[in-house]
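Hello,

The structure is pasted below, followed by notes on what turned up in it. Please read the notes with the coordinates open.

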Amino acid sequence: MDKIVIIGGGASGLVSSIISKNKNNKVILLERNKDCGKKLLMTGNGRCNYFNSNQDISNYHSNNPLLIKEFINTKNIYKVLTFFDQLGITPKIKDNLYYPFSKQAVTIKNALVEEVKRSGVIIKNSFLVEDIKKENNKFIVKSSNEEIICDKVIISTGSKSYPKTGSDGNGYKILEKLDHKINKVYPNLMGLKTKFTYKDWVGVRSEVKLSLYEDNKLKKCEYGEAQFTKYGISGICTFNLSGYVVEGLDNNKREVIKINFIPFLDYIEINEYKEWLLNKTKKLNLSISKVLERIINYKLVNVIIKESNIDGDKLFSELTREEQNKLIENLISFNLDIIDTNSFDEAQTCSGGVSLEEINLNTMESKIVNNLYITGELLDIVGDCGGYNLTIAWLSGILAGRSVNND
Ligand SMILES: Cc1cc2nc3c(=O)[nH]c(=O)nc-3n(C[C@H](O)[C@H](O)[C@H](O)COP(=O)(O)OP(=O)(O)OC[C@H]3O[C@@H](n4cnc5c(N)ncnc54)[C@H](O)[C@@H]3O)c2cc1C
């Protein structure tokens, strides 16, 4: 009878536990916390955005981009949807984002933990794995006071993001000792700290277009809701640029985000904005501040007017040409110099990790150590905001579970 140990009762470990178990094996799930799925409860603001119907591989990133399609492909994605269907989860789908119909992350967490228990997997909570050794084709999994000997191990200990949930990066160290190469790990999906901050706009959320420039070259654009904070800028569209920024800053590149506060006019030529503002102020017979306040948050207008150094009580036509140009620049291309990012403590995920080259992407088995499997955020593949990171966790858990189950 095969004895299988799964280390980490988070998203990927719970799924691989369920799939691993059959009548002829013994499966033990080790979780350092008193309960499994602590991070899961925080996902999607407590609602768990567990999948996205747009599975274009451009939403996934890795230091081995060519290998992504071996993992994220139609056949595999179907396995994830089938798993959730069989778990009895009914989705509530909005703008491609899947949530449980209850809109509660606890629905997903409870369903997974209940299914782990029902399938006969032994859960050992408060078990912190400190080391794994392989001797005579057997693994010895050690905590400070206990050893478990087994045939196969699935490591699902997560990355370094939100370490208070239990994923503090210890899994990378265990894998390094087992001769795995860990590509540099960066925090990902977090807010960005700006050189100048504006207390006037703290707390404002607004639909914008963000354009990231690295050393003056356009790197990526994102549309969506930005959140303006004490330290700089946050929100989903910022998160999706943060991975590029953190690596760029680490490589001494200059990272600048330009904000377009009126993205709905993105299709017009730069020289047409003047005419648009002239027409608006003339038609409404209102000062430039009042005109802008009818379009965007008044707190943003205050910042834009102040930064443009103009008198907001004037009509647009009363401004000098330089003032008009400055105002338009700040309205459609407001410059934010990024000096730092939030840390691992606030990042939703991490980039980098175990190189995909060292993993059989059909089974998640290590190519370095036989019968060792690696899942979830430990792997060097990261997704954008929108259910992609949990998809990586579910899918790698399913593939590892199937493989140890000899399915
Ligand atoms: C605030 C927040 C919101 C998020 N929202 C979303 C979202 O809506 N959609 C989405 O797709 N993704 C979201 N994510 C990302 C997603 O939660 C993770 O990508 C996913 O949980 C990773 O799964 P995992 O199995 O690799 O690791 P985790 O879920 O982190 O699980 C790892 C587990 O291993 C345990 N562990 C660690 N080391 C040991 C050890 N040595 N011994 C025993 N146990 C150990 C930990 O305690 C933990 O329970 C969010 C993340 C955060 C922080």
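Pro91 stands opposite Pro100 in strand S6. S6 (residues 97–100) pairs with S5 in the antiparallel sense over four bridges; two strands pair if DSSP finds at least two bridges between them. Helices (H or I, at least four residues) and strands (E, at least two) are DSSP runs, numbered from the N terminus.

This is a predicted model: local features need pLDDT of at least 70, side-chain atom pairs count only at pLDDT 80 or more, and totals for chains, interfaces and linings use all residues. Residues are numbered from 1 along each chain as its sequence is written.

The open sheet has three strands in the order S3-S6-S5, with antiparallel pairing. Strands S3 (51–52) and S5 (91–94) are at the edges with a single partner strand each, so one side of each has no neighbour in the sheet.

Helices H4 (residues 74–87) and H12 pack at an angle of about 90 degrees with axes 9 Å apart (axes are lines fitted to C-alpha atoms over the stretch in contact; angles run from 0 to 180 degrees between N-to-C directions). The two are therefore roughly perpendicular (65 to 115 degrees). Asn76, Lys79, Val80 and Phe83 in H4 meet Thr391, Trp394, Leu395 and Ile398 in H12 (contact: C-beta atoms, placed from the backbone, within 7 Å).

H12 (388–404) is also one of the helices that supply at least two residues of the shell around the ligand, and its four residues are the largest share. Of the 40 residues around the ligand (C-beta atom, placed from the backbone, within 6 Å), Gly8, Gly10, Gly158, Gly166 and Gly376 come nearest.

Regards

Terms used: Angles under 35 degrees count as roughly parallel, over 145 as roughly antiparallel, 65 to 115 as roughly perpendicular and the rest as oblique. Two residues are in contact if their C-beta atoms, placed from the backbone, lie within 7 Å.
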